[in-house]
Amino acid sequence: MSLTEVTAHHPYSPAVVAGGLAFVSGALSVDAEGTAVPGRTEALDAAVDRMVDRLATVGGQLQDVVKLTYYVTDLSLREEANRQFERIFDEPRPARTFLEVSSLPYGAIAEIDAVAAVAGH
């Protein structure tokens with residue numbers, strides 16, 4: 001089953017726009033088949049990739065992001081997340097919240113949701 005098929009069964013939108021802001025549903029650290037991505041940095045990158053895919057459904061791009069929330073199963077992922085932020089975002093970087101949770105669907109170790117300013121909406 002592909003990730004598109006997996007997410008199609010959920011009762012929410014990948015992203016919605018209201019008042020010029022895109023609100024992106026949580027994106028897990030899974031591959032296109034919905035399998036948890038191994039490796040700490042790789043998993044965080046996969047969650048960002050899934051988030052960007054969702055943001056694109058409403059015409060947004062990574063540089064439009066103004067706020068992210070990371071949900072992780074291991075708080076020590078914070079250092080990798082900090083390096084990821086420095087790598088993928090220019091200054092000024094988006095606001096961010098970083099939270100530890102007990103578990104995530106599909107065995108993922110990270111989930112990221114976002115708010116983005118989407119021009120033209």
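Trainee: In which sense do S1 and strand S2 pair?

Mentor: This is a predicted model. In it, S1 and strand S2, residues 21-28, are joined over four bridges, and alanine 18 stands opposite leucine 21 in S2. The sense of the pairing between S1 and S2 is antiparallel.

Trainee: Which strands stand at the edges of the sheet?

Mentor: The sheet is open, with five strands in mixed pairing and the order S1-S2-S5-S3-S4. Each edge strand has a single partner, so one of its sides is left without a neighbour in the sheet. The strands concerned are S1 (15-18) and S4 (95-100).

Trainee: At about what angle to S4 does helix H3 run?

Mentor: Two helices deserve attention here. Helix H2 (residues 40-56) lies across S1, S2, strand S3 (65-72) and strand S5 (110-117), at about 140° to S2. Helix H3 (residues 78-88) lies across S3 and S4, and its angle to S4 is about 160°.

Trainee: Which element gives the most residues to the largest nonpolar core?

Mentor: That core holds 24 residues, of which Met51, Leu55, Val65, Leu68, Tyr70 and Ile112 touch the most other members. At least two residues come from each of S2, H2, S3, H3 and S5. The most, five residues, come from H2.

Trainee: Which residues does leucine 55 touch, leaving aside those up to four places away in sequence?

Mentor: Leucine 55 is among the core residues that touch the most other members. With residues up to four places away in sequence not counted, leucine 55 touches Ala22, Val24, Gly60, Gln61, Leu62, Val65 and Ala116.

Terms used: Residues are numbered from 1 along each chain as its sequence is written. This is a predicted model: local features need pLDDT of at least 70, side-chain atom pairs count only at pLDDT 80 or more; totals for chains, interfaces and linings use all residues. Side-chain values use heavy atoms; hydrogens and water are left out. Two strands pair if DSSP finds at least two bridges between them. Contact means heavy atoms within 4.5 Å. Axes are lines fitted to C-alpha atoms, for helices over the stretch in contact, and angles run from 0 to 180 degrees between N-to-C directions. A nonpolar core is a set of buried Ala, Val, Leu, Ile, Met, Phe, Trp, Tyr and Cys residues joined through side-chain atoms within 4.5 Å. Buried means under 20% relative accessible area, exposed over 50%, partly exposed in between (1.4 Å probe, protein chains only).
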